[in-house]
Amino acid sequence: MSDRGDIRNADLAILWSDGQNSYFGDAWTDEEARIHLDTQQDYQLIDAHQSAQGLYLTFKRPFNTCDQRDYIIEGGTVHLLYRFLNQPITSLKSIDPKEMPGGLQRVQLLKPMIHTPPLPSDIKVLEVLTPNVTIPDQETTYWCYISTLPHHLPAHHIVMYEPVITKGNEAIVHHMEVFQCAPELDRIPSYSGPCDSRMKPPRLNFCRHVLAAWAMGAQ
């Protein structure tokens, strides 16, 4: 775990083998991403087993260990990093996590217990979708899409909003915002593309009034 998904200054739970024995421990990385075993071992291994799908680890740790080397798990987004060893090692000092295969996953480990209140029987649902988007091969993409409401839509009171995400893409979408365009604009140009693209029409800069916002982990 780390603040911004950087392998440097990260809090690690590691499993490694020297070819004869396997080891599990609490570790951390310094400014050069060198791995050090923590003097205060807060991670507790509960189970480890191999299956056809891969290796499964179950471990636990307090949310706040009062250890300056450990990441404090709070209610916001947590950046989980993972790396894979391809062969046994004789020492953790021989590992360079910057060169190891792996990835990054953003999650919310602590979720508040929020119960959805009963809704009126006559509610109507309006889906604001961004269709047919191919995600570029880069770490972060902000995508803008103009959606037009039905003509002569009367005033409504919004009682709830929630994300609509294509099944299988839940781990990719980090947050969404719905903006309203300035009512004095007589025409809004169509657009579907990166928000920072030079091809985005300048008139869309008038679409900045936030109607709804959602982030990963919210309901």
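Predicted model: local features only at pLDDT ≥ 70, side-chain atom pairs only at ≥ 80, totals over all residues.
In what order do the three strands of the open sheet sit? I looked this up to start: the order is S1-S2-S3, with antiparallel pairing. Strands here are DSSP runs of E, at least two residues, numbered from the N terminus, and two strands pair if DSSP finds at least two bridges between them.

Residues are numbered from 1 along each chain as its sequence is written, and side-chain values use heavy atoms, without hydrogens and water.

Next I checked the S1 and S2 pair. S2 covers residues 22-29, and seven antiparallel bridges join S2 to S1. Ile14 has Gly25 in S2 as its bridge partner.

Then I turned to the second largest pocket. A pocket is an open set of points on a 1 Å grid over the protein atoms alone, where a 1.4 Å probe fits, with protein on both sides within 12 Å along at least five of seven lines; lining residues have an atom within 4 Å of a point.

I count 33 lining residues from the list, with Ala13, Leu57, Leu81, Tyr82 and Arg83 nearest the centre. S1 (11-17), S5 (54-60) and S6 (78-83) each give at least two residues to this lining. S1 has the largest share, seven residues.

Methods:
Helix = DSSP H or I, 4+ residues; strand = E, 2+ residues; numbered from the N terminus.
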